[in-house]
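Thanks for coming. I'll take a few minutes to walk through one model, and you can follow along on the screen.

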Amino acid sequence: MGDSRAQYEKYREYQRKYAKDNAERKTLQSKGYVRRMRLAALEILGGECVRCGFDDYRALQIDHINGNGTKERKSMTKNYHKAVIASVLNNENKYQLLCANCNWIKRVENNEIKNGI
Ligand SMILES: [Zn+2]
């Protein structure tokens, strides 16, 4: 019980401290900043699925080539796309584009999906 109380206080403190930041972030989002960063990341990665050539941005997903995407998938923020773009510019070859279908198939092939075929 004591723990959750402390966590709550911490959360309140966090909220107060970053209220201003969040306001700024919301402004950026409302102007489509996150969307633009996502599109920029998709474009720099070639704009189409590397497996099948599918090129509808609405179903394209950034894939971490060597797996380990779980950690990064949790933080789908503007900073994530920024990191992807920086990585591509550095020729790190860490990311690729997959469409939703190919991404799912890859995850089944890698046994990342419970109850996958
Ligand atoms: Zn595909």
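Let me start with Val 34, which is partly exposed because 17 other C-beta atoms lie within 10 Å of its own. The cut-offs are these: 20 or more such atoms within 10 Å make a residue buried, 12 or fewer make it exposed, and anything in between is partly exposed, with C-beta atoms placed from the backbone. Val 34 sits in helix α2, residues 33–44. Helices are DSSP runs of H or I with at least four residues, strands are runs of E with at least two, and both are numbered from the N terminus. Val 34 and Tyr 80 are 46 residues apart in sequence, and their C-alpha atoms are 9.9 Å apart in space.

A word on what we are looking at. This is a predicted model, in which local features need pLDDT of at least 70 and side-chain atom pairs count only at pLDDT 80 or more, while totals for chains, interfaces and linings use all residues. Residues are numbered from 1 along each chain as its sequence is written. The average pLDDT, the predictor's confidence in each residue from 0 to 100, is 83 for the protein, and 79% of the residues score at least 70.

Now the core. Which residues make up the largest nonpolar core? There are eleven: Ala 41, Leu 45, Cys 49, Leu 60, Ile 62, Val 84, Tyr 95, Leu 97, Leu 98, Cys 99 and Cys 102. β2 gives the largest share, four residues, and β1 and β2 each supply at least two. By a nonpolar core I mean buried Ala, Val, Leu, Ile, Met, Phe, Trp, Tyr and Cys residues joined through C-beta atoms within 7 Å.

Take Tyr 95 from that list. Leaving aside neighbours within four places in sequence, Tyr 95 has contacts (C-beta atoms, placed from the backbone, within 7 Å) that include Leu 45, Ile 62, Asp 63 and Val 84.

Asp 63 itself lies in strand β1, residues 60–64. Asp 63 is buried, since 23 other C-beta atoms are within 10 Å. From Asp 63 to Leu 98 is 35 residues in sequence but 6.3 Å in space, C-alpha to C-alpha.

Last, two asparagines. Asn 91, in the loop between α4 (78–89) and β2 (95–99), has a positive phi near 55° without being a glycine. Asn 111, in the segment after α5 (100–109), also has a positive phi, about 55°.

How values were computed. Two residues are in contact if their C-beta atoms, placed from the backbone, lie within 7 Å.
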